[in-house]
Amino acid sequence: MRSNSLFRKWFLFLSAIVLALLLAGGGHAQAAPKAKNVIVLIVDGCSAEQYTFARRFKGAPLSFDPYRVGAIQTYIADSVIADSAPAASAFATGVRTSDKFISIGPHANALSGVPVPPEELRYRPVATVLEGAKLLKKSTGIVATSRVTHATPAAYVAHTVSRGNENDIMEQAVYQGIDVVFGGGRRLLLPKESKGQRVDGANLYDGLKGWGYQIVENRQDLEKISSSRVFGMFAPSHMDPEIDRPRLHPDQPTLEEMTRKAIEILSQDPEGFFLMVEGSQVDWACHANDPAYLLSDLLAYDRAVAVALDFAQRDGRTLVLAMSDHNTGGFSIGNQASNGIYPQMKMEAFLDPFRKMQASSVRMWELIGTDPTAARVKAVVKEGWALDITDADAQKILSLASSYRDSAYQAIGEVLCPKYTYVGWTTHGHCGGDVPLHAFGPGRPSGVLAAPDIARVCAEAMGFDLRKLTQRLFVSAAQAFADGRVAIDSRDPANPVVTIAAGGKTAELPVNQNRLKMGEKMHALEGVVVYVPNTDKAYIPLQAVHMIRGSRAALPKITD
């Protein structure tokens with residue numbers, strides 16, 4: 001009896017082991033799936049209610065609808081409501097940072113419930129997943145319909161304490177050596193004497209050409225590109241709203257066309273690629289309370305995501321993440337005008353006003369001109385939105401517009417949507433709620449994620465450690481050369497240079513660039529030099545430390 005009982009115990013024990021091995025994958029632990037390529041698509045300033053609106057207007061599912069896997073908490077280090085700069089920085093670096101910061105560690109003030117950041121993280125540059133992909137020898141790309149120096153794309157390519165430092169952001173973007181950059185912002189490549197806005201006198205446009213980049217400025221030339229490194233600069237500033245583009249600048253490519261071309265070029269790299277695509281202007285549409293602008297740009301984003309998903313489904317080794325950084329405008333399907341009829345509201349009655357809209361409120365305000373009258377407002381609204389508005393409403397738009405100054409166009413949607421449509425808005429600003437997350441491919445996440453988790457998902461899918469990456473790319477020059485002398489040469493304030501004297505050697509490292517000069521020789525570095533005025537600290541790649549020290553030690557790996 002005892003031997004039978006012992007046998008049964010051993011049998012059950014061994015059975016449990018076999019079952020566990022089978023569940024684990026046939027006798028060995030399976031590593032998390034790795035992705036050869038990662039495509040991140042961000043629709044700025046959008047959430048579930050806008051998706052529903054676009055889906056109804058389209059009359060079909062959105063391309064990313066089948067892949068909704070969870071949601072993202074959007075709060076930042078010092079606010080329950082996110083600005084695009086810290087929101088995108090969390091997506092890019094895995095670090096929750098402060099308002100207006102671009103991929104720099106937060107300041108000391110923390111939101112209730114958010115841990116106070118350790119001193120060594122405050123104001124320190126933190127590495128991005130794009131920089132990690134580059135160190136893995138993958139090709140990299142950025143696509144946006146804003147200036148490529150705007151908050152969201154900037155967070156992936158630059159490090160600065162203010163999203164407004166767009167000259168610095170463009171310089172870092174150029175010296176990062178990104179393979180494909182498509183969007184607006186040509187003026188930030190050019191000095192003022194060439195009708196640009198650079199304050200440092202640099203002509204980065206010519207610099208790119210000298211480094212072998214092709215520069216294209218219209219959709220026709222974009223279509224001809226089949227390989228190589230390329231900057232596509234399709235507007236001096238931002239590109240047009242999609243609803244206005246066909247009439248104003250039909251030579252500007254669509255977001256879909258830029259995404260397709262970026263994937264076509266980047267996918268030729270046998271090591272894989274990382275690509276960030278932003279539908280930049282849905283946010284601006286919602287700031288303006290403009291449903292026509294919202295629909296056209298959100299559906300343009302929908303088509304761009306379809307391109308990415310089509311590639312990923314054919315490729316089988318590509319992780320696609322599609323999401324928003326925060327909501328904007330407090331958009332709702334339904335408003336006070338609909339209260340009495342909402343139980344019987346029919347789809348066509350709801351959608352009919354939007355089907356007739358042919359211009360953004362931004363464009364309509366331009367057409368109203370610098371000497372606006374109620375009659376002019378009525379005529380422009382009739383042409384652009386097909387609405388017959390009253391004299392009183394036209395005058396109300398003019399009165400409200402005067403209080404908005406540079407964003408006077410916001411008055412149009414604020415006045416007209418509550419009375420002439422059945423959509424509502426609560427604000428012209430951002431909102432603090434969670435936003436939907438969509439994902440497809442190896443390493444796909446699920447559930448409710450914190451915004452910094454997005455960077456960690458990307459890094460893990462590609463197989464590197466963000467902490468190790470930051471330690472390799474951003475070393476405090478003062479700490480690394482405590483036995484020497486580190487100074488910031490600001491004799492030319494627009495072109496500061498980090499100077500280091502140590503061990504009988506003198507080195508110069510221009511801020512925002514990836515260059516190290518020792519003697520007469522210039523060396524290319526694997527990352528850019530960053531100076532943080534708030535702390536008067538300069539950060540340089542560990543590679544530069546080794547070069548100045550004359551060390552032949554191997555750089556530490558960033559892989560897991």
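Tutor: Leaving aside neighbours within four places in sequence, Phe182 is in contact (heavy atoms within 4.5 Å) with Ile142, Val143, Ala144, Val148, Leu222, Val230, Gly232, Phe234, Met258, Lys261, Ala262 and Ile265. This is a predicted model: local features need pLDDT of at least 70 and side-chain atom pairs pLDDT 80 or more, while totals for chains, interfaces and linings use all residues. Residues are numbered from 1 along each chain, and side-chain values use heavy atoms, without hydrogens and water.

Phe182 and Leu416 have the most contacts inside the largest nonpolar core, which has 79 residues (a core joins buried Ala, Val, Leu, Ile, Met, Phe, Trp, Tyr and Cys through side-chain atoms within 4.5 Å; buried is under 20% relative accessible area, exposed over 50%, with a 1.4 Å probe and protein chains only). Helix H12 (residues 291–315) gives this core its largest share, 14 residues (helices are DSSP runs of H or I, at least four residues, numbered from the N terminus).

H12 is also one of the helices against which the buried residues of H15 pack; the others are H13 (347–355), H14 (361–368), H16 (391–404) and H17 (410–420). H15 itself covers residues 374–385. Its buried residues are Ala374, Val377, Val380, Val381, Gly384 and Trp385. Just after H15, Ala386 takes a positive phi of about 60°.

Methods
Helices (H or I, at least four residues) and strands (E, at least two) are DSSP runs, numbered from the N terminus. The expected span of a helix is 1.5 Å times one less than its number of residues.
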